Amino acid sequence: MKSKNLSGKKIREARIKLGLSQEDVVATLSVDFEIDLDRSALGRIERGDRGIYDYELVALAKILKVSVSDLLKEK
């Protein structure tokens, strides 16, 4: 099955590198960015099973301390 986003794997790698759990990330999305995303939706994004909205990508890049362009780069 083809991935529904380019950034899921990079999001997961950046999250793990920072030592953040999926719960940590979704809590920060909710509190700091008022984005309601549950842990299972984040897992689907990371696996490429769910697309990602532009505003979610921008917020995730800020949380993960990477640029949006880094998350969108193909290998």
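Keep in mind that the model is predicted.

**Stop 1: the segment before H1**

Start by selecting Ser7, which sits in the segment before H1. Is Ser7 buried or exposed? With a relative accessible area of 1%, below the 20% cut-off, Ser7 is buried. Now show what surrounds this serine. Setting aside neighbours within four places in sequence, Ser7 touches Ile52, Leu57 and Leu71. One of these, Leu57, will come up again, as it is among the buried residues of H4.

**Stop 2: where H1 meets H3**

Next, colour helix H1 (residues 8–17) and helix H3 (residues 39–47). Their axes come within 6 Å and cross at roughly 115 degrees. To see what makes the contact, show side chains on both helices. From H1, pick Gly8, Lys9, Ile11, Arg12 and Arg15; from H3, pick Leu42, Ile45 and Glu46. Which classes of residue are found in this contact? There are three nonpolar, one polar and four charged residues.

**Stop 3: the buried side of H3**

Stay on H3 and select Ala41, Leu42, Gly43, Ile45 and Glu46, the buried residues of this helix.

**Stop 4: H4 and its cover**

Move along to H4 and select Glu56, Leu57, Ala59, Leu60, Ala61, Ile63 and Leu64, which are buried. What covers the buried residues of H4? The cover includes H1, H2, H3 and helix H5 (68–72).

**Stop 5: two residues with positive phi**

Following H4 is Lys65, in the loop between H4 and H5. Its phi is positive, about 60 degrees, although Lys65 is not a glycine. Lys65 is exposed, with a relative accessible area of 68%.

Now jump to Glu34, in the loop between H2 and H3. Here too phi is positive in a residue other than glycine, with a value near 55 degrees. Glu34 is exposed, and its relative accessible area is 74%.

**Stop 6: a pair of tyrosines**

Select Tyr53 and Tyr55 and show their rings. The structure holds one aromatic pair, and this is the one: the ring centres are 5.6 Å apart and the planes lie at 10 degrees, so the pair counts as stacked. How exposed are these tyrosines? Tyr53 is partly exposed, with a relative accessible area of 49%, and Tyr55 is partly exposed as well, at 47%.

**Stop 7: the largest pocket**

Which classes make up the lining? The lining has one nonpolar, two polar and seven charged residues.

Technical notes
Residues numbered from 1 in each chain as written. Predicted model: local features only at pLDDT ≥ 70, side-chain atom pairs only at ≥ 80, totals over all residues. Heavy atoms only, no water. Axes fitted to C-alpha atoms, helices over the stretch in contact; angles between N-to-C directions. Helix = DSSP H or I, 4+ residues; strand = E, 2+ residues; numbered from the N terminus. Contact = heavy atoms within 4.5 Å. Nonpolar A, V, L, I, M, F, W, Y, C, P; charged D, E, K, R; others polar. Phe/Tyr/Trp six-rings, centres within 6.5 Å; stacked < 30°, edge-to-face > 60°. Buried < 20%, exposed > 50% of the residue type's maximum accessible area, 1.4 Å probe, protein only.
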